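Here's a quick briefing to read with the model open beside you. Grab a viewer and follow along.

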Amino acid sequence: MEDLSIYKNRLAAYLSAKGHSPQKNGNYHCIAPDHADNDPSMTFYEVRRDGDGNFVNCNACGFKGDIFDCCRAITGLNDFKDQLEEIKGVLGAVPSQPQVKKPVKKQQKVNVVPVTIDKAREIFTNQRVIELGIFVLNHDKKTGKTLSPDEVRYKDLELIKVWPWKNKDGLIDIITARFDFYDKVKKRDAKDVITIYYNGKAAACKGYPVVLYNRDKLAANPGKPFIMVEGEKCVTEAEEKFPDYILTTWNGGGAKVKNIQGLEILKDRDGYLWPDDDTPGQKAMEILKFKLEAL
């Protein structure tokens with residue numbers, strides 16, 4: 001599979017080639033098509049917090065994105081494959097190694113033990129799932145510490161639904177749990193979904209795998225077409241309307257699309273990608289389309 005980081009780290013070169021250069025204040029004129037930026041307000045950043053390439057952020061209109069988002073803004077190309085071809089054409093030969101080295105993250109090895117549905121009921125009790133929900137949703141990702149009572153953002157977690165995810169053998173290897181709660185920072189009702197697995201000793205959530213939903217059905221019906229949607233709730237609703245298709249999704253949200261394991265089970269199948277009606281959802285499906293075409 002093609003290493004996209006070698007393009008993501010060439011955003012400055014791409015902008016320059018398209019006639020956009022930093023001004024006296026160090027910022028660029030914003031490239032958002034609906035923003036007449038007379039006072040340069042788009043800042044260029046060498047690397048994201050997670051090390052994933054260059055990006056820009058307009059302090060005036062809020063436009064933000066990497067080289068592919070910038071390509072869309074400048075050229076109007078919406079298809080990820082077209083954007084990639086445009087970037088290749090502009091940059092020409094790109095070094096095989098990225099200009100900005102991505103920090104090497106130590107991969108955490110997790111032991112995911114698939115279990116039967118009866119065993120899953122013993123492990124993933126409501127009490128344990130809520131405990132993990134409190135831990136995950138009130139966890140400071142920077143420091144790795146659980147927030148103090150005064151800092152707690154999410155209160156009164158309510159477990160709404162749990163979805164079991166079955167592997168090709170019909171065993172449950174992860175579950176996802178949806179919570180409703182009051183977000184005291186944003187002062188509004190909110191929701192979130194977390195992933196939980198069994199590590200052989202207890203229910204856990206750190207370092208969870210990103211997998212496909214309905215793998216048991218995909219394995220049992222190798223010739224059946226699929227529809228990829230976002231979220232288990234959407235799968236449940238769509239299954240009733242599209243009985244001739246296997247509905248599937250992935251856990252962890254749109255940002256985890258690049259980490260999906262086991263996409264090979266979709267190779268050579270007819271299928272549709274059905275994104276949510278928002279920019280992150282469309283971008284996630286574009287990345288997924290690229291990954292599926294590369295199989």
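In which loop is Asp268 found? Asp268 is in the loop between strand S11 (246-248) and strand S12 (271-273). Before going on, a word on ground rules: this is a predicted model, where local features need pLDDT of at least 70, side-chain atom pairs count only at pLDDT 80 or more, and totals for chains, interfaces and linings use all residues. Residues are numbered from 1 along each chain as its sequence is written, and side-chain values use heavy atoms, with hydrogens and water left out. Helices (H or I, at least four residues) and strands (E, at least two) are DSSP runs, numbered from the N terminus.

**Positive phi in loops**
- Asp268 isn't a glycine, yet its phi is positive, at about 65°.
- Asp268 is exposed, with a relative accessible area of 76% (exposed means over 50%, buried under 20% and partly exposed in between, using a 1.4 Å probe and protein chains only).
- Asn214 is another non-glycine residue with a positive phi, near 65°, and it sits in the loop between strand S9 (203-204) and helix H7 (215-220).
- Asn214 is buried, at 7% relative accessible area.

- Strand S1 (residues 42-45) runs antiparallel to S2, with 4 bridges joining them (two strands pair if DSSP finds at least two bridges between them).
- Tyr45 has Phe55 in S2 as its bridge partner.
- On the S3 side (residues 64-65), S2 is held by 2 bridges, again antiparallel, and Asn57 stands opposite Lys64.
- S2 and S3 make a hairpin with 5 residues between them, and Gly62 in the turn has a positive phi of about 90°.
- In a regular strand the side chains alternate between the two faces of the sheet.
- In S2 (residues 55-58), Phe55 and Asn57 point one way while Val56 and Cys58 point the other, and all are buried.

**Helix H6**
- H6 (residues 126-137) has 12 residues and spans 16 Å from first C-alpha to last, close to the 16 Å expected at 1.5 Å a residue (the expected span is 1.5 Å times one less than the number of residues).
- Its buried residues are Val129, Leu132, Gly133 and Leu137.
- Seen down the axis of H6, these fall within an arc of 115°, so they line one face of the helix (the arc is that of the directions from the helix axis to the C-beta atoms).

**Cysteines**
- The whole structure has 0 disulfides (a disulfide is a pair of cysteine sulfur atoms within 2.5 Å).
- For Cys70, the nearest cysteine sulfur is that of Cys71, 8.8 Å away, which is too far for a bond.
- Cys70 is buried at 0% relative accessible area, and Cys71 is buried at 0%.
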